[in-house]
Amino acid sequence: MIALTVSDAMDPDAVCIRVSELMKRKERIGFPDALCIRNDSFDGERFEEIADIISKIWDGELILETDEPVNLPKALLRLMGRRPLIVGANAQNIEQFCMAAGMFGCPMSVSAERIEEVLDLVHKASESGMTDIAIDPMVKNMKQCLEVCTDLYRLSDTVPEAKHPVLIRAWSGEYAMSIASVSLLNHASIVLVDDLDSDCCETLNKLVTSAL
Amino acid sequence: MRLPKTSRTYDVEAEELYVGRGDYVIGGARSPAFLDLDSARHRRPVVFGEVFDTLDDYPRTAAEMFSGRQTDPEEWAVMWKELGSDGVCLRLSEKADSDLVKMIAARTRVPLMIFGDTEILKEAASEIADSVMILGSDSEEQSLELSKHSNNHVVMATCAGDPKSLCREMSENGAKNIIVNLGDATMDPSFGQLRDRIENYRMDGLRGVEDSRHAISCCVSKTWDSYGTDVSARKASMMEAITALGVMLSGADLVIVKGPGAADMARVYGEELADL
């Protein structure tokens, strides 16, 4: 799954324009699969407002990303029945994220820079009753992406915590397209991209339909 | 959490090929492509740019990327060198002769790979002694025939099936150095199968399976054909570069590209992944 980000720091009109442009792109080339609503404003009301707008015009998969777990419940209420993936849990806030994800029955991802740490977080989330968990190993470049995705894939043979889908972030532009390609060719399931133009989306779509 | 070790070691290393005037090394993998987890050799795949001696059927958008120098094969090859390409892949028509190969080899001094009529390739192989070329082939028959006349040049083993028996036969015919071609890459459902073939061949080699240790070549320039004639150079170059990335991640040691944009991206990808 490839998701493009829509920031809640954007003006609501601009959000509508961006989402409708992405809908046309999805119709034309089948991409993106999902939208990620990112809480750049750190404002709970704004996050809720943008989640509400997007839920009414976008019928594909949704992701909610925030560093502030307190902003989650109201936004999640606007997405009832959509089961968005919740992104942003780390060692500092995992309990609150598990609570919100558990309450709304949503999948969640956990993020840490070291594999041991991220798998510890998966373990913690599992102990809280979560089953749908994605692993975000916070890779910074193509090389790290290859090494970490391969390591996690091999670990998944023997370590139950590593059996979950892997989420890779890939920022924007042509370099994002290369990280996304390395991720998808190396067992990652979810790629979160800040922005990609239409040509890059089309290239990735061809790669996904040809190689996977 | 204490985690089990995931690094792996392999019985043997892939074969190294010295091409050009001995100053370029291809192959030598000792792990799956680029994988430091398995102590990868920090060497990137080499990138060869295509040159044709005729522009019939050559995409207009690609031709425009060479600023008019594509009308003269010698100039075109020099341009590839100026662009930082590791080598030139010369595709000769039936009207060509070995003099063109000699001129380009002398002027560019980069490694050459040549495709064309068997007789022309045999002639070039016998006349050029100061540079190790790669004699490209389009079929098993041509691979076998060129093996008999390869001199010290590298011969390409091109086959659609398992290349091991072909490589064995080529060695028996006299080929001292072999590079394997497991198929051209295009962005269609065959791409996944090609990646598997490359990966399996590389893994067989690392496990010590006989006749599986040769370097692997893959042409990605046919990705241009999947578009019509009016494709933008950017779009076609990105597709070509991502295709190159895909085959390099599977284990290709040499990629042949059509456009300078893709050549540049493939080289940068290779450098980053090989941690150079």
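**Chain A as a whole**

In chain A, 61% of the contacts with a separation of 6 or more are between residues 24 or more positions apart; two residues are in contact if their C-beta atoms, placed from the backbone, lie within 7 Å. The model is a predicted one, in which local features need pLDDT of at least 70 and side-chain atom pairs count only at pLDDT 80 or more, while totals for chains, interfaces and linings use all residues. Residues are numbered from 1 along each chain as its sequence is written, and chains are lettered from A and ligands numbered from 1 in the order in which they are written.

Chain A contains 8 helices and 8 strands. Helices (H or I, at least four residues) and strands (E, at least two) are DSSP runs, numbered from the N terminus. Of the 212 residues in chain A, 49% are buried. A residue is buried if 20 or more other C-beta atoms lie within 10 Å of its own, exposed if 12 or fewer, and partly exposed in between, with C-beta atoms placed from the backbone. Along the principal axes, the C-alpha atoms of chain A fill a box of roughly 50 × 40 × 25 Å.

**Helix α6 of chain A**

Helix α6(A) has 14 residues and spans 20 Å from its first C-alpha to its last, close to the 20 Å expected at 1.5 Å a residue; the expected span is 1.5 Å times one less than the number of residues. Its buried residues include A:M142, A:C145, A:L146 and A:C149. Among the elements that cover the buried residues of α6(A) are α5 (115–127) and β6 (133–136) of chain A, together with α9 (260–273) of chain B.

A:R154 also belongs to helix α6 (residues 142–155) of chain A. This residue is partly exposed, because 18 other C-beta atoms lie within 10 Å.

**The barrel of chain B**

In chain B, a closed barrel of 8 strands runs β3-β4-β5-β6-β7-β8-β9-β10, with parallel pairing; two strands pair if DSSP finds at least two bridges between them. Strands β9 (residues 215–219) and β10 (residues 254–257) of chain B run parallel and are joined by 3 bridges. B:S217 stands opposite B:L254 in β10(B).

**Backbone features in loops**

The peptide bond from A:F31 to A:P32 is cis, with omega near -5°. A:P32 is in the loop between α1 (12–29) and β2 (34–38) of chain A.

B:F34, which is not a glycine, has a positive phi of about 65°. B:F34 counts as buried because it has 29 C-beta neighbours inside 10 Å. B:D57 has a positive phi near 65°, and B:D57 is exposed, with 7 other C-beta atoms within 10 Å.
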